Amino acid sequence: IDSKDKNIIKLLKLYDEISHQDIQDYLQESKSKIRLRLTVLIELGLTGSRGKGRAVTYHVIVNNRKIMN
């Protein structure tokens, strides 16, 4: 997990749920890079998603784990 992944988690904690586009706008990264980061965070069990297609939002799963050093 790098600093941009940690920033995604911070955003998710701050907003509870956030869209792919909002994350992309905040981090100023390409759609494909954000998709890859979110996929990795989901596979690690740190984030999850709800919805389908363009209505997908992402949320943090782990609130008490120390990942934000």
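Predicted model: local features only at pLDDT ≥ 70, side-chain atom pairs only at ≥ 80, totals over all residues.

**Entry 1: the largest pocket**

I started with the lining of the largest pocket, where α2 (20-27) and α3 (31-43) each supply at least two residues.

Next I looked up the space inside, and the largest pocket holds about 310 Å³. I counted 13 residues lining the pocket, and the closest to its centre are His20, Gln21, Lys31, Gly53 and Arg54.

**Entry 2: the whole chain**

I stepped back to take in the fold. I see three helices and three strands in the protein chain. In what order do the elements run from the N terminus on? I read them off as α-β-α-α-β-β.

I also noted some totals. The protein chain has 69 residues, and 36% of them count as buried. Its accessible surface comes to about 4,700 Å², with 47% of that belonging to carbon and sulfur atoms. Among contacts with a separation of 6 or more, 45% are between residues 24 or more positions apart.

**Entry 3: Thr47**

I picked out Thr47, which lies in strand β2 (residues 47-50). Is Thr47 buried or exposed? Its relative accessible area is 1%, and buried means under 20%, so I wrote down Thr47 as buried.

What does Thr47 touch, not counting residues up to four places away in sequence? My list reads Leu12, Leu38, Leu41, Ile42, His59, Val60 and Ile61. I looked at Ile42 again for its backbone: the nitrogen there lies 3.4 Å from a polar atom of the Thr47 side chain.

**Entry 4: Leu12**

Leu12 was on the Thr47 list, and I followed it up. I place Leu12 in helix α1 (residues 3-15). Leu12 counts as buried because its relative accessibility is 0%, where the cut-off for buried is under 20%.

Leaving aside neighbours within four places in sequence, I find Leu12 in contact with Glu17, Ile18, Thr47, Tyr58, His59 and Val60. How many residues apart in sequence are Leu12 and Tyr58? I get 46, with 7.1 Å between the two in space, C-alpha to C-alpha.

I finished with the backbone angles. For background, most residues other than glycine have a negative phi.

Asp16 is not a glycine, yet I read a positive phi of about 65 degrees for it. I find Asp16 in the loop between α1 and β1 (18-19). With a relative accessible area of 57%, Asp16 is exposed, since exposed means over 50%.

Where is Gln28? I located Gln28 in the loop between α2 and α3. Gln28 also has a positive phi, about 55 degrees, although it is not a glycine. Its relative accessible area is 65%, so I marked Gln28 as exposed too.

Methods: Residues numbered from 1 in each chain as written. Heavy atoms only, no water. Helix = DSSP H or I, 4+ residues; strand = E, 2+ residues; numbered from the N terminus. Buried < 20%, exposed > 50% of the residue type's maximum accessible area, 1.4 Å probe, protein only. Contact = heavy atoms within 4.5 Å. Areas by Shrake-Rupley, 256 points an atom, 1.4 Å probe, with all protein chains shown as cover. Polar contact = N/O pair within 3.5 Å; in protein donor to acceptor, adjacent residues only side chain to side chain. 1 Å grid on protein atoms, 1.4 Å probe; cavity = no way out; pocket = protein on both sides within 12 Å on 5 of 7 lines; lining within 4 Å. Points joined across faces, edges and corners; volume = space filled by probe spheres on them.
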